[in-house]
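Have a look at the protein below before you read on.

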Amino acid sequence: MMSRVFNRLSLGAMLLALGGGVGIAGSRYIEADNRQWKGGAAVPVVLQPGAENADETRDIEPSATVAVLNRPPMSRNFIAVAAAQVGPAVVKIEAIPTQIEEPDNGLTPPFLPKLFGEEMPPGRTPIPRGSGSGFIIHDDGGILTNAHVVGKSEVVRVKLKDGREFEGKVVGSDPLTDVAVVKIEAEKLPDVKLGKAADLVPGQWAIAIGNPLGLDNTVTVGIISATGRSSSQVGIPDKRVRFIQTDAAINPGNSGGPLIDDRGQVIGMTTAIRADAQGLGFAIPIETAQRIANQLLTDGRASHPFLGIQMVDVTPEVRSQLEQNNLTLPDAARVAIVGVLENTPAEKAGLRPGDAIEQINGIEISSAADVQDVVEASEVGELLQVQINRQGQIQSIGIRPGAFPSQGMMN
């Protein structure tokens, strides 16, 4: 019966089959660190746009920006300096075999936007499937990229900006957040400096560096268009990420490359575009990417709490469609459970289709994305108190999330 409900729901992007149960997946400028030339003298450089003091200057890493500083003053803009700092740490990655494969978790969403490397614009020269970007986060060869770039490959080809090529080992990959870590055998490599995405606000500068359409180390610029975009809003409801939205030009091949701020610090990792729009690119916040990368480096895998429910945001249209399939919801329902997977924490705790989720651990729930966020922020085995409305009766149900299954729960 419930399968018919799913087939009839037109709002596929709102259906979360991952966790949340199911989570299917202009601030003020900070003073820069005082960095020194190896010779010891600090180098004052470019004025920042919007700086409070027009005479303010900053110190930067000379090894990455000497060429920029030697240019005429009019070309020493903040974009050029930031790109010069980060560019040497941006790499090109080609999966072996060069083919993107969807994760076999049985929770494939109803539709996906085209991820980078999957579809070429008309008239363009094709690039290898599984070709994308990455950036060096550790000078001993640790590289961050997208899971969909490496696919199921265990080995990838890595090309540095200076032309050197390496065989890279895929240390770990997490399809739920689209984060992967690659390791190459090298030392004293140029690496990036990580910033913060948590304090971003729309309107701040955003610079993307990557290898779109095989054009290595391409730099594009725009602004932060929005923050906190849910996976369902982006159109990839199988991801457990709150995305950064940017209008910096992003194309196939940019996937896995860094999104940086005007100070040359990485604030995100570009991961998706909407094929049906222009100026809509999305990046994984660097805090999320770094957290998952640390788990992959330590354990070889990422752990995600999992309830085993499918949810929808309740709208008049959704309510009507569910009622036509004999699933009546409480009048005040905003988030409804429409499916409970077998042998999951949700089933064992007694959650049912038709239950409306109102709170989790005292946190008000107004969307399915809220459930996903709360569950993702918890720990496997941690007790969650879920307040539901079941046919007008308020109940509190204790549930301990399990680990998200590596194999399909819906097959």
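Here is a quick tour, grouped by topic. This is a predicted model, where local features need pLDDT of at least 70, side-chain atom pairs count only at pLDDT 80 or more, and totals for chains, interfaces and linings use all residues. Residues are numbered from 1 along each chain as its sequence is written, and side-chain values use heavy atoms, with hydrogens and water left out.

**Confidence**
- The protein averages a pLDDT (the predictor's confidence in each residue, from 0 to 100) of 77, and 72% of the residues score at least 70.
- Over residues 1–62, the pLDDT is below 50.

**Salt bridges**
- The structure holds 12 salt bridges (a side-chain nitrogen of Lys or Arg within 4 Å of a carboxyl oxygen of Asp or Glu).
- One of them pairs Asp-373 with Arg-242, with the closest N and O atoms 2.7 Å apart.
- Asp-373 sits in helix α9 and Arg-242 in the loop between α5 and β10, so this pair ties together parts 131 residues apart in sequence. (Helices are DSSP runs of H or I, at least four residues, and strands are runs of E, at least two, numbered from the N terminus.)

**A charged residue without a partner**
- Asp-313, in strand β15, is buried (under 20% relative accessible area, 1.4 Å probe, protein chains only) yet has no salt bridge.
- The nearest side chain of opposite charge (Lys and Arg count as positive, Asp and Glu as negative; His and the chain ends are not counted) is Arg-242, 9.0 Å away.

**Helix α7**
- Val-318, Arg-319, Gln-321 and Leu-322 are buried here.
- Seen down the axis, the buried residues of α7 fall within an arc of 165° (taken from the directions from the helix axis to the C-beta atoms), so they line one face of the helix.

Technical notes:
Buried < 20%, exposed > 50% of the residue type's maximum accessible area, 1.4 Å probe, protein only. Contact = heavy atoms within 4.5 Å.
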